[in-house]
Each structure stands twice: as C-alpha cells, then as structure tokens.
Amino acid sequence: MKLRALGRAEEAIETQHLVVAHFRKVGDEHFLAIGTSNLGSALVAARRFAEAAPGRHPLPPGL
C-alpha cells in the first residue's frame, strides 16, 4: 500500500475503511478480503494492535 509505505498510516487506515465499506456494499468477497488485509496492515503500521486483531489476546508490554 503506497500511503503506508510513505509513512502516512493514518491516511491509509481511512482509505482502507472506505475500500472495505465499498466492497462489503457491493458484495465482492475477494476484494473485501484484500481490503480487510490491507486495513489490518495499516493498523499494525500505526501500532493500533487492538483494532487490527479485535478479540485477540493483548500483546506483551513493550511491543
């Protein structure tokens, strides 16, 4: 993802939220999966781990 590579993780997150919403609306499961994966990568890049893996165990302190 270009925005994430440029260090613009927050902008990448906003964009991927729009992408996911679009493909969910049109019912394209293939691109929905890709968009969801890209969203998760952007969230991790922004160190927003709880949002990237909801319902998972928290990471050890310091990560």
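A: Let's begin with a term: two residues are in contact when heavy atoms of theirs lie within 4.5 Å. Leaving aside its neighbours within four places in sequence, Leu-32 is in contact with Val-20, Phe-23 and Arg-24. Arg-24 belongs to helix α2, and that helix is the part we will look at.

A word on the ground rules. This is a predicted model, where local features need pLDDT of at least 70 and side-chain atom pairs count only at pLDDT 80 or more, while totals for chains, interfaces and linings use all residues. Residues are numbered from 1 along each chain as its sequence is written, and side-chain values use heavy atoms, with hydrogens and water left out.

Along the sequence the pattern reads α-α-α-α. The average pLDDT (the predictor's confidence in each residue, from 0 to 100) is 85, and 83% of the residues score at least 70. Confidence is highest in α2, at a mean of 94, and lowest in helix α1 (residues 2-5), at 70.

Now to α2 itself. The helix has 18 residues and reaches 26 Å from its first C-alpha to its last, close to the 26 Å expected (1.5 Å times one less than its number of residues). Gly-27 follows α2, and its phi is positive, near 80 degrees.

Which residues of α2 are buried? They are Ala-9, Ala-12, Ile-13, Gln-16 and Val-20. These residues sit on the same side of α2, because they cover an arc of only 100 degrees around the axis (the arc of the directions from the helix axis to the C-beta atoms). Here, buried means under 20% relative accessible area, exposed over 50%, and partly exposed in between, with a 1.4 Å probe and protein chains only. An α-helix has 3.6 residues a turn, so residues three or four places apart point the same way. On the other side of α2, Glu-14, Leu-18 and Lys-25 are exposed.

Arg-24 is exposed, since its relative accessible area is 55%. From C-alpha to C-alpha, Gly-35 is 9.2 Å from Ala-21, though they are 14 residues apart in sequence.

Finally, the inside. The largest nonpolar core has eight residues: Leu-3, Ala-12, Ile-13, Val-20, Leu-32, Leu-39, Ala-42 and Leu-43. Such a core is a set of buried Ala, Val, Leu, Ile, Met, Phe, Trp, Tyr and Cys residues joined through side-chain atoms within 4.5 Å. The elements giving two or more residues to this core are α2 and α3, and α3 gives the largest share, four residues. Over the whole protein, buried residues make up 19% of the 63 residues.
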